[in-house]
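User: I would like to learn how to read a protein model. Can we go through one step by step?

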Amino acid sequence: MRVPFVDLKPAIAEARIEAEAHLAEMFERGQFILGDQVAAFEREFARAMGARYAVATGTGTAALELCLREAGITERRMEVITTPLTAPFTALAIRGGGATPRFADVDPDSLLLDPEDAARRATRRTAALVPVHLYGRPCELDRWRELARQSGAVLVQDACQAHGALYRSKPLAAWSAYVAYSFYPTKNLGALGDGGAVVTDRARIRRRLAMLRDGGRAGGHVSRLPGINSRLDEMQACYLRAFLRHLATWNWRRARLAALYDEALRDCPGVRLLDRTGSVHHLYVIRVRRRERLRRWLASQGIGTAIHYPVPLHLQPAFREFGCRRGDLPVAERACREILSLPLYPHLPEAAVEEVAGRIRQFYQRGAC
Ligand SMILES: Cc1ncc(COP(=O)(O)O)c(C=O)c1O
């Protein structure tokens, strides 16, 4: 049985009629930037995330950068603590806003940024904390909020992989004023191209973010704040509105498939499962022995896999200048050698989970390679 790592076509087909109705409205109206579709999507997305406001942007990276700009964290002497186990965009957004990324290590069970290690590394220069809700699992936001309070830092949540996640039954926006999302196509809520949003409960922050994403303008041609140009397209908003209606069901299906993987891989030799408490299961990631051989074996059986992420950020060329060396963040460095993402998307057949798990067991039991 062929099992691709991801297949978006069934989700697009499921939402097609609603998306086409929005597209027809958009063409009728004839406005393609910051029109009715984006405004409606912002209202609908804020409501779905349990927040008062959403400001839609061109990418998730821009959403993160705009949060830091809004908070005034734009100078090189200002340090922002984040995780080395994330997409490079998290740290590029910090650089893009003008501040300096600093990395702390991750927790070995969840692979989330470890608040204790972050607290040890915080200094008087720490201006913001950017924990990432990695693979869809929310960070311990009570601890992050407390650390932000103690250190006088701003808490910006990277929720680019966590659409619909709650922490202690509360929306993410209840824990800090800035929550950034990405709508990269493979996300739990994905566009058919790039997109992002910031969600907040604060009216002033919403007003300023709406200006900052649009060149610092408040309508007209006068730039009042040092903003950027990063607006969600109307066309993407048409699809996102249609997909948003399915998000809860699609997250439910992800949870069901993740539970099936857990069951099928429990006690499998060579495999270690992650702690996924509260996750919305953006990715299903395990830790494995002999990863490269396993990947080759799965590929030979028609099973797609991926690695999120193969190199921790502090060892990537773009971040070398920030002073971390090999050995400085040992938990993340080891995790990057062991993690493997298995196929997981809402329309993945349950039989495919059995197939993937069965092939993994076969690899370790018989030494197939
Ligand atoms: C954790 C994380 N942060 C930031 C980003 C950046 O989002 P985007 O690709 O929409 O700019 C992504 C997505 O790639 C991500 O997964």
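User: Which residues surround the ligand, and which are the closest?

Analyst: First, some ground rules. This is a predicted model, where local features need pLDDT of at least 70, side-chain atom pairs count only at pLDDT 80 or more, and totals for chains, interfaces and linings use all residues. Residues are numbered from 1 along each chain as its sequence is written. A residue is near a molecule if its C-beta atom, placed from the backbone, lies within 6 Å of it. Here 15 residues surround the ligand. The closest are Thr59, Gly60, Thr61, Phe89 and Ser182. Helices (H or I, at least four residues) and strands (E, at least two) are DSSP runs, numbered from the N terminus.

User: How do the shell residues divide by class?

Analyst: Ala, Val, Leu, Ile, Met, Phe, Trp, Tyr, Cys and Pro count as nonpolar; Asp, Glu, Lys and Arg as charged; the others, Gly among them, as polar. The shell around the ligand has five nonpolar, eight polar and two charged residues.

User: How do I read a strand? Are the faces of β2 covered or open?

Analyst: In a regular strand the side chains alternate between the two faces of the sheet. A residue is buried if 20 or more other C-beta atoms lie within 10 Å of its own, exposed if 12 or fewer, and partly exposed in between, with C-beta atoms placed from the backbone. In β2 (residues 79-82), both faces are covered. Glu79 and Ile81 are buried on one side, Val80 and Thr82 on the other.

User: Which strands pair with β2?

Analyst: Two strands pair if DSSP finds at least two bridges between them. β2 runs parallel to β3 (residues 100-103), over four bridges. Ile81 has Arg102 as its bridge partner in β3. From β2 the chain goes through α4 to β3, a right-handed β-α-β crossover. Right-handed means this: with the strands pointing away from the viewer, the path from the first strand over the helix to the second runs clockwise. Four bridges also join β2 to β4 (residues 126-130), again parallel. There, Thr82 stands opposite Val130.

User: In which sense do β1 and β9 pair?

Analyst: β1 (residues 53-57) and β9 (residues 196-200) are antiparallel, with five bridges. Ala54 faces Val199 in β9. Five of the five residues of β1 are buried.

User: What does the domain assignment give?

Analyst: Domain bounds come from an automatic or database domain assignment. Here they are domain 1 (9-105 + 112-244) and domain 2 (247-366). Their C-alpha centres lie 25 Å apart.
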